[in-house]
Amino acid sequence: MSASEPTIRLVPSRDASRSPTPRNASPPRVSDTSSAEGRYAALPLTEEPFLPPTHRHSSNSSTPEEAAPMLSPPPGSPGIPSNRASNSPSSLGSYPDPYQMYSAGSEQSSFNFSLGGDGDSSRPMNARRGSNLPDLGSGEGRRSGLGQYASGGGADEFAEKDEESGRGLAGRKEGNFYTRMSSRGRRILFAGIIIAIIVIAVAAAVPSALSNKSNKSVKAAAATGSSSSSSGTGTATSSAATATSTGFDWKTAATGGDGSTVFTEDGSSFVYNNTFGGFWVSVPFNDTARAQNDVPALDQTWDYSVNMISGVNLGGWLMLEPFITPALFEPFNSITDSPTATNGAVDEWTLSVALGNNLSTVLTNHYATFITEKDFAEIAAAGLNWVRIPIPYWIIEVQSGEPFLANVGWTYLLKAIEWARKYGIRINLDLHAVPGSQNGYNHSSKLGTINFLAGVMGVANAQRTLNYIRTLAEFISQPQYANVVAMFSVLNEPRAAIIGIDSVRSFYLEAYETVRAITGIGEGKGPFISYHDGFVSQAKTVAQGGWMGFMNGADRIAIDSHPYLCFDTQNNDPLSYQASKPCTNWAVDMNTSTAEFGLTIAGEWALAINDCGKWINNVGNGRRFDGTWYAPSNFDASVVTETTPTFEAVGSCTEWDEWWNYNASTKAGLQNVAYAHMDALRHWFFWTWKTGYSDVKQAIVNPLWNYQLALQEGFAPKNPRLGRGACATLVPAAGTTLSSVAAPTLSNWMTGGSGAGTITSTSTWGTWPPASLVNSMASGVFSTYHASVLPTLTATGPVITMSAATPTSYPSGYSSSSNPGNGWFDASDTAAWYTTVSGCSYPNAWSGISAVVPTAACTGGAAREKRAPSPMVTPPPSPRW
């Protein structure tokens, strides 16, 4: 590797020498870096993230406004034409694996993991990075640059050792500055002067170059306001902007990298610190930003066999969960965790009722403050390149009797899309809550029973969900959004054990046909479609009740698993052993599934090695770990059936809840737990980016679920890339054996290439609606319904399309000329929405398991019909709002 290529160094943590903090210390309101003495002894290693050798902003001033302007544009800065280079090895630094960009030196080397937990052992681990800290007393140790001096021997010795390289200390030889320099030093001086002149020239030319390139990319679309065609290929979406002035005033700048200042829409500002070579682009609908320099820009192809998803969820933002934002729920609930306590807000449904007339004010404020533009900048700066955004169906509409705040969240989803675009981050849009609830959990609409594909209203609720999938697919498949929203998770965590695996498969096939009828088949046409595994192993065949072989030949589908260590029998295993578990539990299955099914991702995981925390197991229920958890009914999650705790306590949660008392070795051990997940899961999204403040606890709660806090406090890796290969070290160190299945390369059909779109078999799940549904009664007695007699909807209703406003803010010198789209990608998709059949009565959609089963289908004079497969070509439906 040449000296111009980036390196990563590990430096010993200084935290280990800090004095202990008493266990009864008060929780810090902000960051508290004090550490406490704990039961773990190993010392951690702290990464020093990659510092890009060029294209950095720097400033010695203390105010953002005085930051030095960018002297050289980062690779792929805004305005690059739409026919930019593909994500080829040469475009990523001539490496077939972009992570090689983070290796240092020509020889493969290792670094040590501090294993934490149960000892002071540390083992070497190859993570495709540079060697350990070099010997600064050798020429090899100093080759990375000037200013690194030997640790011993004094200045005379250093000057003698380094004389050949011309890097001797000034003042060690006689004569003036120029004569003291060696011939090589003089050549370096002359080269530096020439480079300085070039940099100054580039600084003056960059704005004009950016403008010219942007003009080239949008010239063809100037007349219509968009550079994208209607072919649905999801390629270039640069806005039709015309640069008329130059300059790098950060308030109106078009782009910036590490050290630049970002001004937000409310007038506030922050410094963008991204040491991974990422840069932002503020030109509306311009897709040339990069989260980091080793991943493709948004308008380049993401190669899922090469580019690993390192993502984070934005849970608790547009879809509320009590354990993520407890302060919203605490005013209505008991301060004790007791199955007999009265709690008035256990999910978003009951919170919406409890807030009453304050609902809009409270939730709008939450949307506006919980996640902001700065979060997206921090996510990119953390080395993360994707976000998964959970949304509820009421972001589109609510129907009679549903108390949710409708539509308002859409405004903030649009903001999220633009912030993600600005910082080069891709989105996995996750439909997290659907009508009737697909799992009965408090994050699925309503805590209680399952009424999606189960119970009397099971089919009708599923048909209504297909409406929302269709509307969302139409919006995100527009070329203005397709590069940013690159994946669509159509249903979060259906409980296949209750609903029935074939019913879930049938719905997934129908959702696939709905989306692909809009987007077409092949790479670049609409998003990857992600299916949750329904808590069924991916590494089993369809015949075994799993997913291998499901929809083989389909175009760009992914299977999503949510592996957690905490929701089972609790233990006090040391952190070194905890760090081996992701590798031994999931690595083989993930790779096997990738080979047989296709793209396999972990849409959720956390650092939680136990279920400690506030409301992790629902409002009012305790924790398995400390023996305060009562098992709910398997068929109604709102009902606690046990009269005594289900598990005996194995320890106190205090040491895990009080993150401000974590000592250095605890932090190091948790980092290794994270590394193990990152390596074993390969494509992953941490749950979640942040958790909120508790007024009762007077602290940020649930730290093992909070990536932002873990990063700030040092128990999450500063560079997730260093986790590659972690299992090979962490498993043997824990005294166990690592089984391995090589990570495969995805077949062409799996990524929209040759053979995509031809499903080989639909077996028993090819019928829609399913021929029969289960009725999971709270008593645990299953009965089967013939779907032919159940209430259904008919495709005769008006369609809701979702709109976006035309941007009004542009960087300095860019005129306003862009098209946000009309919300409907496929103009030929003119079929109506599913709606109720005129003349038919329907039971409550949320309590269908207790409804009377019809003896015959109600037609009401209108025939049941599926969405028209070949609609006439007419103008798209008009937006309702």
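E10 has parallel neighbours, where pairing takes at least two DSSP bridges between two strands. Strand E9 (residues 310-313) pairs with E10 over 3 bridges, in the parallel sense, and Gly 311 sits opposite Trp 386. Strand E11 (residues 426-433) runs parallel to E10 and is joined to it by 7 bridges; Ile 427 in E11 is the bridge partner of Val 387.

Together with helix H8 (residues 408-422), E10 and E11 make a right-handed β-α-β unit. Right-handed here means that, with the strands pointing away from the viewer, the path from the first strand over the helix to the second runs clockwise.

Val 398 lies in the loop between E10 and H8. Its relative accessible area is 28%, so Val 398 counts as partly exposed. Leaving out neighbours within four places in sequence, Val 398 is in contact (heavy atoms within 4.5 Å) with Phe 404, Ala 406 and Arg 464. Its C-alpha is 9.3 Å from that of Pro 435, 37 residues away along the chain.

## Cores and helix H7

A nonpolar core is a set of buried Ala, Val, Leu, Ile, Met, Phe, Trp, Tyr and Cys residues joined through side-chain atoms within 4.5 Å. The largest has 172 residues, and Trp 317, Phe 376, Tyr 423, Phe 507, Tyr 531 and Trp 705 touch the most other members. A second, separate core of 16 residues includes Ile 309, Trp 386, Leu 599 and Ala 756.

Beyond four places in sequence, Phe 507 touches a list of residues including Phe 452, Leu 466, Ile 469 and Trp 768. Phe 376 belongs to helix H7 (residues 373-381), where Glu 373, Asp 375, Ala 377, Ile 379 and Ala 380 are buried along with it. After H7 comes Gly 383, with a positive phi near 85°.

## A buried loop residue

Asn 618 lies in the loop between strand E15 (599-602) and helix H14 (654-657). Asn 618 counts as buried because its relative accessibility is 18%. Not counting residues up to four places away, Asn 618 touches Asn 442, Leu 447 and Ala 637. Phe 323 is 295 residues from Asn 618 in sequence, but their C-alpha atoms are 7.6 Å apart.

## The whole chain, and where to be careful

The protein has 17 helices and 22 strands, and 55% of its 881 residues are buried. Of contacts between residues at least 6 apart in sequence, 74% join residues at least 24 apart.

The average pLDDT (the predictor's confidence in each residue, from 0 to 100) is 76, and 69% of residues score at least 70. Residues 29-180 are below 50, though the model gives that stretch 361 contacts beyond near neighbours in sequence. Residues 199-247 also stay under 50. Where pLDDT is low, the predicted coordinates should not be read in detail.

Local features need pLDDT of at least 70 and side-chain atom pairs count only at 80 or more, while totals for chains, interfaces and linings use all residues. Residues are numbered from 1 along each chain as its sequence is written, and side-chain values use heavy atoms, with hydrogens and water left out.

Terms used:
Buried < 20%, exposed > 50% of the residue type's maximum accessible area, 1.4 Å probe, protein only. Helix = DSSP H or I, 4+ residues; strand = E, 2+ residues; numbered from the N terminus.
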